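Hi,

Here is the structure I promised to pass on. Have a look at it first, and my notes on what turned up follow below.

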Amino acid sequence: MLARVTAFAAVLAVALPLPARAADAKPLRTLVFQVAYSITSISQQRVSGLGGSSMSAPDSTNAAAGPTSISQGFAVDDSGTMVVDVVAATADKGLVVDVSYHGKTTNQMPIRVAILSDGRLGYDPKKPICDQALQLLPLLARGAFSDRELSTGVAWTVPFQPPLSGSKKYRVTGVTGADATFAVSSDVSTKGPQAFDEHSDGTLQYATDLQAPRRFDVQMRNRHFTPEGGQTTDTRLTATLQSDSLSKT
């Protein structure tokens, strides 16, 4: 039987160290995802070029003539396994989970996270969770699709909360048995010193009976802006459910 606690208690549980759970206590549910994750990022910085700064492009023979810019980039290609142990379920459709990730370039030991019914996450900011988990965990929210009509063609929009602007859009593209397939897109932005905008497009295969994603494939482009320049980051995430302790198959 799922533990019934308040949402406030669920948030408090995020701050508790993992040993607070009995060493021999079994999670209520364990989900294992195979994850592929890649990032390509390019940043540009404006420089004056005056005095032949060492920051100028090496092949720029007229650097002193006026402003120029330099570009730098990096790429990450990762794949690995994410384990989500559900340790509590709240009376208001929240969840408390311990999430870990082990990949080729990223490793994260179990971190406690509260998943609120609308997909918002709560966790100790001193223990940031990896981006792979940030993208996937909201899809485990118990209120994400439970109150929606899921038939082909149905669509809806969920606005982001201030200070963010924009919204996420869902459209049901097919239903087979207990599984529904969605087209998911979002546009989000914010202003100020950390101004950015982001667009994403993806597909989601979701098991309505298990309230869990079977497969999530999303591509995102994020642009950060600063007075000195900016950064453009392209991300691709594919997560496939490998096993679920609640599944009978």
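Met82 stands opposite Tyr101, which sits in strand S4. The model is a predicted one, where local features need pLDDT of at least 70 and side-chain atom pairs count only at pLDDT 80 or more, while totals for chains, interfaces and linings use all residues. Numbering starts from 1 along each chain as its sequence is written, and side-chain values use heavy atoms, with hydrogens and water left out.

Back to S4: strand S3 (residues 68–90) and strand S4 (residues 95–103) run antiparallel and are joined by 9 bridges.

Thr157 has Lys169 in S8 as its bridge partner. S8 also runs antiparallel to S9, joined by 11 bridges, and Val175 stands opposite Ala180 in S9. That hairpin has 2 residues between its strands, and Gly177 takes a positive phi near 60° there.

Now for the largest pocket, which has a volume of about 1400 Å³. A pocket here is an open set of points on a 1 Å grid over the protein atoms alone, where a 1.4 Å probe fits, with protein on both sides within 12 Å along at least five of seven lines; lining residues have an atom within 4 Å of a point. Grid points are joined across faces, edges and corners, and the volume is the space filled by probe spheres set on the points. The lining has 40 residues, and Gly119, Leu134, Pro138, Phe160 and Lys168 lie nearest the centre. S11 gives the most, with 5 residues. By class, 22 are nonpolar, 10 polar and 8 charged.

Is Gly202 buried or exposed? Gly202 is buried (under 20% relative accessible area; exposed is over 50%, partly exposed in between, with a 1.4 Å probe and protein chains only), at 14%. Ala183 is 19 residues away in sequence but 6.0 Å away in space, C-alpha to C-alpha. Leaving out residues up to four places away in sequence, Gly202 touches Phe182, Ala183, Val184, Asp217 and Val218 (contact means heavy atoms within 4.5 Å).

Cheers

Terms used. Helices (H or I, at least four residues) and strands (E, at least two) are DSSP runs, numbered from the N terminus. Ala, Val, Leu, Ile, Met, Phe, Trp, Tyr, Cys and Pro count as nonpolar, Asp, Glu, Lys and Arg as charged, and the others, Gly among them, as polar. Two strands pair if DSSP finds at least two bridges between them.
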